[in-house]
Amino acid sequence: MKRLLAAALLAAVLASPCRGEENPSSRLYFNKSGFSIAALEDSPRRSAYTVLAMFLPVSEKFAPNVNIIIQPFEGTLEQYARLTRGQIRAGRFSILEEKFSPDSVAWEYAGKMGELDLHWYARAVRRADLVYLVTATSSEAQWPSLAVKLKRCVDSFRIEKQRPKE
């Protein structure tokens, strides 16, 4: 029985998509850092999950970052914007700017979280029953030198024409 279990486990490992046989289009490439890695992907439809989190080096007691969260949402983009606006205000953050485009909505907001004064730039893109929320965060002290880089990263997000099969 143990031998059968070990053989089944070995077969599962050898068939694993992280073994190097993955679809090349599912690799994440970080050319400036000199590496790539297979995407750790899943497609839950019932709860939000973080797909990617990228961090810059710590300075001013904070690591500036950009993350992507996929959230199930069956309403319109306007309904999502209203909900998010309420959540930002409930967190006692100040909305500095809100911009709508045909396929997305973006917010710049700031406020205190714990002992840190933080600054955010977030963009929500809706497709079918999902919202892709891409958010950049830095300290207020970091924002003047990083705003262009962080916003450019967030705004570079795009949903590809063909959605991967689930």
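Predicted model: local features only at pLDDT ≥ 70, side-chain atom pairs only at ≥ 80, totals over all residues.
## Basis

Residues are numbered from 1 along each chain as its sequence is written, and side-chain values use heavy atoms, with hydrogens and water left out. Local features need pLDDT of at least 70 and side-chain atom pairs pLDDT 80 or more, while totals for chains, interfaces and linings use all residues.

## Fold

The protein chain has three helices and eight strands (DSSP runs: H or I of at least four residues, E of at least two, numbered from the N terminus). Their order along the sequence is α-β-β-β-β-α-β-β-β-β-α.

Of its 166 residues, 33% are buried (under 20% relative accessible area, 1.4 Å probe, protein chains only).

## Second largest pocket

This pocket holds about 250 Å³ of space. A pocket is an open set of points on a 1 Å grid over the protein atoms alone, where a 1.4 Å probe fits, with protein on both sides within 12 Å along at least five of seven lines; lining residues have an atom within 4 Å of a point. Grid points are joined across faces, edges and corners, and the volume is the space filled by probe spheres set on them.

Lining residues number 16, with T84, Q87, I88, Y109 and L133 closest to the centre. Helix α2 gives the largest share, five residues.

## F100

F100 sits in strand β5 (residues 94-100). F100 is partly exposed because its relative accessible area is 42%, between the 20% and 50% limits.

Leaving out residues up to four places away in sequence, F100 touches E78, A81, R85 and V105 (heavy atoms within 4.5 Å). F100 and A124 lie 24 residues apart in sequence and 9.7 Å apart, C-alpha to C-alpha.
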